[in-house]
Amino acid sequence: MQNIIGSKSSQQIQWDTSIVVILFHIMAVVALFTFSWQNLAAAALVWWMTNSWGIGMGYHRLLTHGGFKTPKFVEYFLTICGTLALQSGSLQWVTTHRIHHAFTETEKDPHSPRDGTFWAHIGWLLRGTALTHNDETIRRYAPDLLKDKFHIFVSKYFFVTTIIAALILFLIGGWTMVLWGICLRQVIGWHSTFLVNSATHLWGTRRFATNDESRNNGLIAALTFGEGWHNNHHAHPRSARHGLAWYELDINWMQIKLLEKIGLAKKIHAVNLK
């Protein structure tokens, strides 16, 4: 079972992932010495597309939990945005997250904070097989996506979109824009997402008495366009709305509602506080 779940059973260092992560962090530091308002604007735009449209709305609320439905061209566009996060393709990402919800904070959870804060934050990426699930695991946890040839293809070549984005940024603003729009933005995006795995299971408030230690954290919600209302999410995983109170800013939810208004989202599952 542990091999199927693919958490930290092997404890083998994933050298390819580790080297890429280290190189991106080095280049992110270099980017800080090449500031310009154009570079900042490019990084902010790609960050929004990647972590809001791609990860929050696409990979998470749409593909993993089915919190709403969209036409296929919208689903595919959000998925392509998600690949820019370099958190693997939709098949692997959705599989990992569904396992996390099925076995939250147990030995089978791919990034349980009970195995240490560093493990929950980034250690699970650098060791084990939580982002390289075998076919049997994907068939068990993401059979719906396996029926779609697009998700199979994009999961195999998810890194290509980052190469294309880098080329576009280079043509617009040269290497310094690539450093900001790809490398620095990537590192900020990684750690913002990873804080949901680590910090929101450690620090914050609990509105719902769930069977785990998930917590609502406003700072992380601000960094992740609404994904930091994590206790709300674990209490109601399918809800496309994570920020349940008026003061819980949830930009991803606002954008889903905007899609609904223009006819591009339907069958939206949303929990409201009584």
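**Salt bridges, cores and a greasy patch**

Modeller: Glu213 pairs with Arg215 in a salt bridge, and their closest N and O atoms are 2.9 Å apart. Keep in mind that this is a predicted model.

Biologist: What is the general idea behind such a pair, and are Glu213 and Arg215 buried or exposed?

Modeller: Side chains of opposite charge can pair when their charged atoms come close. Here Glu213 is partly exposed, at 33% relative accessible area, while Arg215 is buried, at 18%.

Biologist: How many salt bridges does a search of the whole structure find?

Modeller: Ten. One of them joins Glu105 to Arg114, with the closest N and O atoms 3.2 Å apart. Glu105 is buried, with a relative accessible area of 5%, whereas Arg114 counts as exposed at 57%. There is also a network of salt bridges that links Arg61, Glu227 and Asp250.

Biologist: Which pair links distant parts of the chain?

Modeller: Look at Asp148 and Lys72, whose closest N and O atoms are 3.3 Å apart. Asp148 sits in the loop between α8 and α9, Lys72 belongs to helix α4, and 76 residues separate the two. Asp148 counts as buried because its relative accessibility, 12%, falls under the 20% cut-off. Lys72 is partly exposed, at 44%.

Biologist: Since you mention helix α4, what does α4 pack against?

Modeller: Its buried residues, among them Val74, Leu78 and Cys81, pack against α3, α5, α9 and α10. The helix itself runs over residues 72-83 and reaches 16 Å from first C-alpha to last, close to the 16 Å expected.

Biologist: Now the greasy parts. How do I read a core?

Modeller: In soluble globular proteins, nonpolar side chains tend to be buried together. In this model the largest nonpolar core has 27 residues, and Phe24, Leu169, Ile182 and Trp190 have the most contacts inside it. Helices α2, α3, α6 and α10 each give two or more residues to this core, and α10 gives the most, 13. Ile182 touches residues including Phe24, Ala166 and Met177. A second, separate core of 20 residues includes Leu62, Leu78, Ala142 and Ala240.

Biologist: And which nonpolar residues form a patch on the surface?

Modeller: Among them are Phe153, Tyr157, Val160 and Ile172, and the whole patch has about 870 Å² of accessible area. Helix α10 supplies the largest share, six residues. Val160 lies in that helix and is partly exposed, at 30%.

Notes: Residues are numbered from 1 along each chain as its sequence is written. This is a predicted model: local features need pLDDT of at least 70, side-chain atom pairs count only at pLDDT 80 or more; totals for chains, interfaces and linings use all residues. Side-chain values use heavy atoms; hydrogens and water are left out. Patches are made of residues with over 30% relative accessible area and no salt bridge: like charges are joined within 9 Å, nonpolar side chains (Val, Leu, Ile, Met, Phe, Trp, Tyr) within 5 Å. Accessible areas come from the Shrake-Rupley method with a 1.4 Å probe; for residues, only the protein chains shown count as cover. A salt bridge is a side-chain nitrogen of Lys or Arg within 4 Å of a carboxyl oxygen of Asp or Glu. Helices (H or I, at least four residues) and strands (E, at least two) are DSSP runs, numbered from the N terminus. Buried means under 20% relative accessible area, exposed over 50%, partly exposed in between (1.4 Å probe, protein chains only). A nonpolar core is a set of buried Ala, Val, Leu, Ile, Met, Phe, Trp, Tyr and Cys residues joined through side-chain atoms within 4.5 Å. Contact means heavy atoms within 4.5 Å. The expected span of a helix is 1.5 Å times one less than its number of residues. Lists of a residue's contacts leave out its neighbours within four places in sequence.
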